[in-house]
Amino acid sequence: MLLSLSWLREFVPYEGTAAELGQALTMIGLEMDGLFRPYERLRPIVVGHVLECARHPEADNLSVCRVDVGDDVLDIVCGAPNVGTGQKVAVVKVGVALPTGGIVKKAKLRGVPSNGMLCSEYELGLSDEHDGILLLEGTLPVGASLPDALALDDEVLDIAVTPNRGDCLSVLGLAREVAAMTGLPLTMPALRMVESGPDCSKDIRLEIADPNLCSLYHGRIIEGASTRKSPARLRYRLNAVGLRAVSNLVDVTNYILMELGQPLHAFDLDEVRGGSIIVRGAEQGETLVTLDGQRRALLPSDITIRDAERVIGLGGVMGGLNSEITEKSSRVFLECAVFNPLAIRKTARRLSLHSEAAYRFERGVDQTGAGYALERAAAMMAEFSGGYVRTGLPKVEPLPWTSPTVRLRRRRAESLLGITLEKGFYEETLSRLYCKVREVALPADAEQTGSDQEWDVVPPGYRRDLTREADLIEEVARLYGVDRVPPSLPKVSRLLERVGEPESRHVFLGRIKRWAQGAGLHEVINYSFVSHRELDHLAGEDGARTNERISIMNPLNDDMNVLRTDLAPGLLRSLSNNLTQGANSVGLFEVATVFASELASETTVREVPRLGILLYGARFEQAWPQSAGDMDYLDLKGLLEHLFSSFTLPEADFILADNVGPSVKKCFPAWLSPCVRVDVRGDCVGWAGRVRPTAAESYHAKKAVWMAELDLDRVLSLRRDGAGGFVRLPVFPPVRRDMTCIAGPTITAGMIVEEIRKLRSPLLVSSHLIDYFEPDGREERNLTFRLIFRHAERTLRDEEVDKQRDAIAASLQKSLPVQI
């Protein structure tokens, strides 16, 4: 919200500086993002008085002027057709920079010296008018700086308004805040509207089909209006706050929008057919050409303004081209309405029509103040256009605004704020915010029951955000000064997770991140939006699961037109960024949500948290003292095994995609080859593998890229189901036995480990591969496994362990084609 300081002072007699005001507003929750002076470049430009004006002796289209600028009289050659003797003009002296660029220098034009320049509004940056020089009022003092002489809005604050404070999207709204903060009086602009002519209340039939879409609609009729340029003061003020002046009738609606926060729209009444205005949802397949010349396809959820025959406006968003105000317009219907914020938000975002009006309707406007805004706008239109306001007010209000009554308890407020305030402070503060406050009579035993002082508070209509007791307490804290509340630490016991309670998803995801950081990986955070092109490239010709994708209706660009279905695109882009910066060893992780279409669910979207891991390049950034080598599948698998071990989950099985059926293989990520499925107790929790070289090369990867993705919802479910419970620490020592199996190429280490598990030996704690050897010229491989035995209550004897080891060896030779 751009706030002109001089405009604010028309409501509140604030005498501080703009910087002080910005600091004060920031401290009450309205942060100042910036302070700028839109007319600072006009300061060296002065008011001049044309003493003489004669035709140039050598050019018919030039004039030679003698201009008094206060401290000198300058000879200036001017080519404007409207320059004349006795005029007050804007003069740029020699050596002064023009706002539009360039520096004025001494010159000779057709032999006549020129020591300055007389400027048009375009050259001053005030508007697009360049047909002639700017003519000023005759009462302005000669030699005065132009911004001071014209009383331009020379200081503008950029205030960041949070979505719940739509009431602050106007000069009036911020003036209320300043008045409440400083105790200064608030003065509303005088309302000088005069009605004349016959009553027009029945001339326009108003109808609202659905009160939930529009709770109020009323209007004024202005007759005899002429479309012309707005007064300079109004045009320059709109320019200062970033709005372009169009015409007197349109400019008034923009002026009221910025001043009072009420969007208005002006229709050419001669283009409204049938004497009717109907507010209802659009029909399927209807279209409307809006004021920007674009044909818009409408949906039943869009609010339309219609006459008896057609759509003439998109309610709360933009008017229709078929009823716009033109130079020929003389009869105006001025609309003032209150539309459903949710409906406006959906329409504006779907059509990418983010107008100033829609921005305010989305956050809610003041229904109780709509009448005042309409009357002020109608009076200004009549004044600036030479017309008159017809008697009567066409109006329909199916849902009158009713403010809620909120109970405020002093004891509760002090509990939340942690400070004790004077009893009168609550009532005084809320009254300054224009709330109606009534103290509640408490019973005689109130203090014994924990009650102290209570009020029933009715907030004003423009404060839609005040609906709960906590909202009122926040208002008291804001005006007291949050910076004045002393800091205090909460009780530590409240921060600790209670022992025995199920681990929440939030806590679990935080633990996953801390594990990954401890494992030496670097966290990345990527956008949830990717491109169809990138997903298609990763998936290849046969692997694109387009039916699961959720496209963005109004993407920021083509690189962000679909919600990600996997973490791989973001991780690979992060890898590419690191490689272009010269990294030779990259280990990344991301904990984030992926999205897939699920029409059976209420939201039609399935959101799943995942852990993505990416490894690339050298295992160690420096070779010495470690041995040189690049990361490979065993590094990736080791990280996953460490994760399951850290979270006390059972050991995972890693199943190669080549060893599963075609129907299951289709579910594997197409960009990983080779790829393994990660199973825990038969439940698939993710994938791991190498990114296809053709895909990796497009991200500047010259070496193998290893990736894994785990479904963290499934991992958390396994954890909650007790898959990895607490195990008492061992007291007695383990006994280790190594066993080498000679196996053919069809027998994998996993098959041997699985057979050992099936034996369910009561003393066997774990078994894992510790060595691998493949003799030259032979297909057999030597796989050495380490078996660890332990008894929970005593020390094992060698003969007991040997007996168990021999039983395992005999079972393996019987069930698998291996030799021990």
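Predicted model: local features only at pLDDT ≥ 70, side-chain atom pairs only at ≥ 80, totals over all residues.
For strand 13, let's look at its pairing with strand 16, which covers residues 276-281: the two are parallel and share four bridges.

Let's zoom out to the whole protein. There are 23 helices and 40 strands. Along the principal axes, the C-alpha atoms fill a box of roughly 120 × 90 × 60 Å. The radius of gyration is 38 Å, whereas a compact globule of 820 residues would come out near 28 Å. Buried residues account for 48% of the 820. The accessible surface is about 41,200 Å², and carbon and sulfur atoms contribute 50% of that. As for contacts, take those between residues at least 6 apart in sequence: 70% of them join residues at least 24 apart. And for charges, there are 97 positive and 113 negative ones, with mean positions 3 Å apart.

Next, another group of strands, with strand 32 as our guide. Which strands does it pair with? One of them is strand 31, residues 585-597, in the antiparallel sense over 13 bridges. There, Thr593 stands opposite Pro609 of strand 32. Strand 36 also pairs with strand 32, again antiparallel, over seven bridges, and here Ile613 faces Ala708 of strand 36.

While we are in strand 36, residues 705-711, please find Glu709. Is Glu709 buried or exposed? It is buried, because its relative accessible area is 6%, and the cut-off for buried is under 20%. Setting aside residues up to four places away in sequence, Glu709 touches Asp566, Leu567, Ala568, Arg610, Leu611, Gly612, Val685, Gly686 and Trp687. One more pair to look at is Glu709 and Glu590: they are 119 residues apart along the chain, and their C-alpha atoms are separated by 9.4 Å.

Last stop: some backbone details. As background, most residues other than glycine have a negative phi, and most peptide bonds are trans. Against that, Arg110 has a positive phi of about 55 degrees. You will find Arg110 in the loop between strand 7 (107-109) and strand 8 (112-114), and it counts as exposed because its relative accessibility is 57%. Ala151 also has a positive phi, near 55 degrees. Ala151 sits in the loop between helix 4 (146-149) and strand 11 (156-160), and with a relative accessible area of 42% it is partly exposed.

For the peptide bonds, go to Ser673 and Pro674: the bond from one to the other is cis, with omega near 0 degrees. Pro674 belongs to strand 34, residues 672-680.

Technical notes
Residues numbered from 1 in each chain as written. Heavy atoms only, no water. Pairing = 2+ DSSP bridges. Rg over C-alpha atoms; globule rule 2.2 N^0.38 Å. Buried < 20%, exposed > 50% of the residue type's maximum accessible area, 1.4 Å probe, protein only. Contact = heavy atoms within 4.5 Å. Areas by Shrake-Rupley, 256 points an atom, 1.4 Å probe, with all protein chains shown as cover. Lys, Arg positive; Asp, Glu negative; His and termini not counted. Charge placed at Lys NZ, Arg CZ, Asp CG, Glu CD.
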